[in-house]
Amino acid sequence: MTTSAVVMMIVAMLVVWGGLALAIRNLTRTTREEPDEVHRDL
Amino acid sequence: MATHAQASDPSAGQHSRGHFTSRRVFILAAIGSAVGLGNIWRFPYVAYENGGGAFLIPYLVALLVAGLPFLLLDYGIGHRYRGSAPLSFRRLGGATAETLGWWQVGICAVIAIYYAVIIAWAVRYTFFSIDESWGSAPDEFLFGDFLQVAEPGIGLDFVGGVFWPLLLVWLAVIAVMVAGVQRGIGALAAVFIPLLVVAFLALVIRSLFLPGALDGLDALFAPNWGALTNAGVWAAAFGQIFFSLSIGFGIMITYASYVGRKTDMTGSGLVVGLANSSFELLAGIGVFAALGFMAQASGVAIDEVATEGLGLAFIAFPAIISEAPAGALIGVLFFGSLVVAGLTSLISVIEVVISAVRDKLDLSRTTASLVVGVPAATASLLLFATTTGVPLLDTADHFINRFGILLVAVVSMLAVTWVYRDLDHLRDHLNRTGSVPLGSWWLALVGVVTPAALVYVLIEELRGVLAEPYEGYPAWLINGVGWGSAALVLVLAIVLARLPWRRTVDLTAPTEEVSR
């Protein structure tokens with residue numbers, strides 16, 4: 001692989017997968033609110 | 001079963017519509033919907049064709065300025081108005097707005113009946129992989145032995161090898177739909193999405209160890225910066241993000257209506273959008289590593305083997321499986337992943353229709369699933385399990401994606417923003433429980449930037465189909481099936497929106513709850 005291809009691959013992984021990790025971290029850090037209704041699924 | 005709506009709080013009657021029992025299940029179901037066949041067989045080639053590594057820039061821009069904001073708009077509508085697409089739009093803007101919802105429902109119905117067929121093919125190919133049934137000529141095997149493709153037409157010469165697996169797919173889908181939102185859709189996603197990730201990771205790791213894999217990755221990631229000055233590359237990025245995220249045609253509205261009122265929708269949306277792109281990136285690596293191997297094994301350049309769609313899945317991959325050591329393993333992982341990714345998407349598409357019929361007629365889950373599922377399965381089998389099914393599928397897919405999904409998405413965005421002027425209100429709703437605050441920038445993106453970008457993509461597509469007949473198909477096929485299906489769903493939507501709702505269904509918007 002050429003250097004520029006390796007760099008772009010790493011940048012893509014960092015931005016997209018890193019972005020996902022941050023988004024999950026943000027979600028789990030905020031208050032965990034679940035629906036409090038009775039769940040009837042008819 | 002029945003909806004006992006109260007005038008002051010119509011959502012009280014919504015318990016019986018079904019619910020995801022947790023945010024995690026909702027997110028997995030939404031990822032299951034977004035991650036579909038397009039992630040695996042479309043993204044890698046689109047990226048490769050449009051600048052390689054440089055494509056990352058327009059792709060991320062499209063994700064941030066169009067994909068995620070639009071996803072949140074859908075979430076806002078479904079979560080605020082707590083109904084299927086027609087009911088949500090009815091509550092948002094009255095009888096005329098309801099037409100938008102039915103338009104989305106019609107599009108989903110068309111997509112469901114052909115999308116199931118591709119899953120049936122993938123089911124067969126999962127087994128074909130074991131003994132490499134295609135022999136030395138995968139293309140002849142696909143169109144000849146397996147699909148027995150005849151000249152374009154509409155006939156009833158059934159192909160048993162497609163008919164039976166397709167019937168099986170529909171029985172499975174109907175069983176999931178009858179089981180309900182949580183026990184069907186949610187449970188399926190909770191099992192299948194982790195399974196999909198594990199299977200695809202195994203496929204990627206296997207592919208990376210094939211000789212020539214790094215050449216494939218080089219072809220995918222080598223940046224062609226000159227591509228960034230080409231408007232077509234930017235249009236491709238917006239198109240890929242738009243089609244990949246399952247936005248704009250009712251799915252995310254429907255799923256969001258099943259989520260608890262206090263759920264953080266903006267934070268969830270970020271996770272879903274980035275998870276979709278994360279899987280796409282993984283698919284790109286796996287597919288191009290395998291294509292790199294194929295090119296080296298055949299002694300040709302990557303551009304001679306790089307392809308997308310049906311050709312990638314059912315012709316290129318079989319060739320790779322035949323050449324590679326432990327090819328059967330690659331085959332089972334690849335086609336198994338297609339089945340799983342396709343099934344979770346198909347279920348979300350058909351749920352849009354079931355949910356709408358159920359709301360309008362106030363039916364039980366089981367009745368609505370059968371009322372929608374049985375006719376859809378019948379149409380699917382009659383039209384696509386035949387020797388004439390492939391051109392029909394290809395044409396319907398091409399036109400309904402562009403002049404169905406893309407068009408309804410643009411029209412609904414513009415209508416919500418400029419006709420019903422509900423965007424401020426939706427933003428406030430999302431901000432009440434959301435962890436990612438939406439500012440005026442969101443209003444500008446959803447109201448102006450995204451529709452403008454999508455209109456550009458739409459015009460480019462229109463120019464393409466007007467320039468020459470799609471795939472050189474005969475005029476009756478393009479006009480009747482292509483334009484015909486796109487027009488029919490709109491006409492049906494206008495009619496359905498005029499039909500009365502059951503009196504038990506409350507058409508007023510639910511009151512906002514104070515949260516946090």
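1. With which residue does B:Asp424 form a salt bridge, and how far apart are the closest N and O atoms? The partner is B:Arg427, and the closest N and O atoms are 3.6 Å apart; a salt bridge here is a side-chain nitrogen of Lys or Arg within 4 Å of a carboxyl oxygen of Asp or Glu. Because B:Asp424 and B:Arg427 are 3 residues apart in helix 19 (residues 423-433) of chain B, about one helical turn separates them.

2. On the basis of the model: it is predicted, so local features need pLDDT of at least 70 and side-chain atom pairs count only at pLDDT 80 or more, whereas totals for chains, interfaces and linings use all residues. Residues are numbered from 1 along each chain as its sequence is written, chains are lettered from A and ligands numbered from 1 in the order in which they are written, and side-chain values use heavy atoms, with hydrogens and water left out.

3. The two ends of the first bridge fall into separate accessibility classes, where buried means under 20% relative accessible area, exposed over 50%, and partly exposed in between (1.4 Å probe, protein chains only). B:Asp424 has a relative accessible area of 41% and is therefore partly exposed, while B:Arg427, at 18%, counts as buried.

4. The closest N and O atoms of B:Arg432 and B:Glu512 are 3.0 Å apart. B:Arg432 is partly exposed at 35% relative accessibility, and B:Glu512 is partly exposed at 27%.

5. Over all chains, the count comes to 10 salt bridges. One of particular note joins B:Lys360 and B:Glu98, with the closest N and O atoms 2.8 Å apart. Since B:Lys360 lies in helix 16 (residues 327-361) and B:Glu98 in helix 6 of chain B, the pair ties together parts that are 262 residues apart in sequence. Both residues are buried.

6. Turning to the rings, the structure holds 30 aromatic pairs over all chains, a pair being rings of Phe, Tyr and Trp (its six-membered ring) with centres within 6.5 Å, stacked if the planes are under 30 degrees apart, edge-to-face if over 60 and tilted otherwise. B:Phe128 and B:Phe141 have ring centres 5.1 Å apart and planes at 85°, so they pair edge-to-face. This pair links helix 6 (residues 95-131) with helix 7 (residues 138-146) of chain B across 13 residues.

7. B:Phe128 also pairs edge-to-face with B:Phe146, at 5.4 Å centre to centre and 90° between the planes. B:Phe146 is buried, with a relative accessible area of 4%.

Technical notes: Helix = DSSP H or I, 4+ residues; strand = E, 2+ residues; numbered from the N terminus.
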